[in-house]
Amino acid sequence: GYNYYGQLGNGMPIDCKYPVQLRLTGISDVCAGSNFTVALTLDDLMWAWGDNQYGQLGNGTNKYKPNPSQIPTITKTNFSL
């Protein structure tokens, strides 16, 4: 699909017509936002990638990330909806 902001997480901001495999294993949950993606792993770590214009990746910057980046201050144990 659309990948201008790297929201597919494959490191290349090029649209893809086929599924993309991430270099991230043990994913238990995935949530897709507007041009960004967040994943929770089985060991309760949060990872995010894609557009970050408004700081939606939670990494303290506004720079987009085309690859999954761990969000070190957020884990499932200290974050709940």
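This is a predicted model: local features need pLDDT of at least 70, side-chain atom pairs count only at pLDDT 80 or more; totals for chains, interfaces and linings use all residues.
Me: How much of the protein is buried?
Reply: Buried means under 20% relative accessible area, exposed means over 50%, and partly exposed lies in between (1.4 Å probe, protein chains only). Of the 81 residues, 30% count as buried.

Me: Which residues make up the largest nonpolar core?
Reply: A nonpolar core is a set of buried Ala, Val, Leu, Ile, Met, Phe, Trp, Tyr and Cys residues joined through side-chain atoms within 4.5 Å. The largest one has 7 residues: F36, V38, L40, M46, A48, L57 and I71. The largest share, 3 residues, comes from β2. A second, separate core has 5 residues, including L22, L24, W47 and W49.

Me: What does I71 touch?
Reply: Contact means heavy atoms within 4.5 Å. Not counting residues up to four places away in sequence, I71 touches M46, A48, L57, G58 and N59. Now take the whole protein, and contacts with a separation of 6 or more: residues 24 or more positions apart account for 29% of them.

Me: Where is T37, and is T37 buried or exposed?
Reply: T37 sits in strand β2 (residues 36-41). Its relative accessibility is 9%, so T37 counts as buried. Leaving aside neighbours within four places in sequence, T37 is in contact with Q7, V30, C31, A32, W47, A48 and W49.

Me: What does the side chain of T37 reach?
Reply: A polar contact is a pair of N or O atoms within 3.5 Å. Within protein, one atom must be able to donate a hydrogen and the other to accept it, and residues adjacent in sequence count only if both atoms are side-chain atoms. The T37 side chain reaches the backbone oxygen of Q7 at 2.9 Å.

Me: Where is G6, and how far is G6 from T37?
Reply: G6 lies in the segment before β1. At 0% relative accessibility, G6 counts as buried. G6 and T37 are 31 residues apart in sequence and 9.2 Å apart in space, C-alpha to C-alpha. Beyond four places in sequence, G6 touches W49, G50, K65 and P66.

Me: What is W47 in contact with?
Reply: W47 belongs to strand β3. Leaving aside neighbours within four places in sequence, W47 is in contact with L24, T37, V38, A39, T41, P68, S69 and Q70. The C-alpha atoms of W47 and L57 are separated by 8.5 Å, at 10 residues apart along the chain.

Me: Which residues other than glycine have a positive phi?
Reply: Two cases are N35, with phi near 70 degrees, and D44, with phi near 65 degrees. N35 is in the loop between β1 (27-32) and β2. D44 is in the loop between β2 and β3. N35 is partly exposed at 22% relative accessible area. D44 is partly exposed too, at 25%.

Me: How many aromatic pairs are there?
Reply: Rings of Phe, Tyr and Trp (its six-membered ring) pair if their centres lie within 6.5 Å; planes under 30 degrees apart count as stacked, over 60 as edge-to-face and the rest as tilted. A search of the whole structure finds 2 pairs. Y2 and Y4 are stacked, 6.4 Å centre to centre with 20 degrees between the planes. Y4 and Y5 have ring centres 4.9 Å apart and planes at 85 degrees, so that pair is edge-to-face. Y2, Y4 and Y5 form one aromatic cluster.

Terms used. Residues are numbered from 1 along each chain as its sequence is written. Side-chain values use heavy atoms; hydrogens and water are left out. Helices (H or I, at least four residues) and strands (E, at least two) are DSSP runs, numbered from the N terminus.
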